[in-house]
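Please consult the sequence and structure shown below while reading.

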Amino acid sequence: MRDINVYGFIGDGWDETDMTATKFANELKEANGEAVTIHVNSGGGDVFDANTMAELLRAYQGESTCIIEGLAASAASYFALTADKVVIGDSALMMIHNPYSFSGGTAEDLRKTADFLDKVKSTIVNQYVRKTGKDEGAISDLMDAETWFTAKEAVENGFCDSIVDMEPVAACIDPEQAKRFKNAPKDLLDTHAVVDGNGAGETEPTIPGSNNGGKAVSGADKVETGAVSKTVCVNGKFLTY
């Protein structure tokens, strides 16, 4: 049995807890067909890294179980659903919403970005439909509304298979990300659930900023809230360094 931790930002972040598609592929390669348990406490991240991780997990030859321990939001939520078995801690949360990106340029540039986001959304919708059996319209509506699920609601809606009793794990998230979410539960915004500094949430767009053919623009830089100290959540424990 191998344990793989997805506790930080998904994508090319700057913290050792972050998980990239390359790191995840290497972890699965080292598992070499053994049963794997994937522990998730992440606010999401880059759509394309998450998509790659989802396909890698779906193709893995060994048995896979995903345990949502604190938070599976945004890209982390649909990645987690690709395991053979998906369980969620009784105090954990799941959130689904639409992908987003920064863009600039002409009106035509902006229209192209909007069309591209629609295509990306369709791939994410398919991930949720495949797990839950819900129709595409119902999933799309849930994403439009930025829907948060308790463990019970996640199981009732088919996103998770069962609830497990476990020691409570803080659903840590970056405060800048928390401000951006429309419907984040109040408990998540309390000081015990929010990370000072860059934590496990999305600190940059789910899709890299695009302008004139996909070049990054200044507004797409990762938000940084401090260079002296940083607090992260690792396995439910807050660590400052």
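This is a predicted model: local features need pLDDT of at least 70, side-chain atom pairs count only at pLDDT 80 or more; totals for chains, interfaces and linings use all residues.

**Salt bridge within helix 2**

- The structure contains 5 salt bridges, and one of them joins R58 to E55, with the closest N and O atoms 2.8 Å apart.
- Both residues belong to helix 2 (residues 47-59), and because they are 3 residues apart there, about one helical turn separates them.
- E55 is likewise partly exposed, at a relative accessible area of 42%.
- Side chains of opposite charge can pair when their charged atoms come close.

- K121 and D144 meet through their side chains in a salt bridge, at 2.6 Å from N to O.
- This pair links distant parts of the chain, as K121 is in helix 4 and D144 is in helix 5 (residues 136-144), 23 residues apart.
- K121 is buried, with a relative accessible area of 13%, whereas D144 is partly exposed at 38%.
- A salt bridge is also formed between K131 and D161, whose closest N and O atoms are 2.9 Å apart.
- K131 counts as partly exposed at 22% relative accessibility, and D161 is partly exposed with a relative accessible area of 38%.

- T113 is part of helix 4 (residues 107-132).
- T113 is classed as buried because its relative accessible area is 10%, and buried means under 20%.
- The C-alpha atoms of T113 and S101 are separated by 8.2 Å, the two residues being 12 residues apart along the chain.

**Nonpolar cores**

- The largest nonpolar core has 42 residues, of which F24, V40, I68 and Y128 touch the most other members.
- Helix 3 (residues 75-80) gives the most to this core, contributing 5 residues.
- Apart from this core lies another, of 5 residues, including A73, L93, M95 and W148.
- Leaving aside residues up to four places away in sequence, Y128 touches S74, S77, Y78, L81, I96, G133, I139, M143 and F159.
- In soluble globular proteins, nonpolar side chains tend to be buried together.

Key. Residues are numbered from 1 along each chain as its sequence is written. Side-chain values use heavy atoms; hydrogens and water are left out. A nonpolar core is a set of buried Ala, Val, Leu, Ile, Met, Phe, Trp, Tyr and Cys residues joined through side-chain atoms within 4.5 Å. Buried means under 20% relative accessible area, exposed over 50%, partly exposed in between (1.4 Å probe, protein chains only). Helices (H or I, at least four residues) and strands (E, at least two) are DSSP runs, numbered from the N terminus. Contact means heavy atoms within 4.5 Å. A salt bridge is a side-chain nitrogen of Lys or Arg within 4 Å of a carboxyl oxygen of Asp or Glu.
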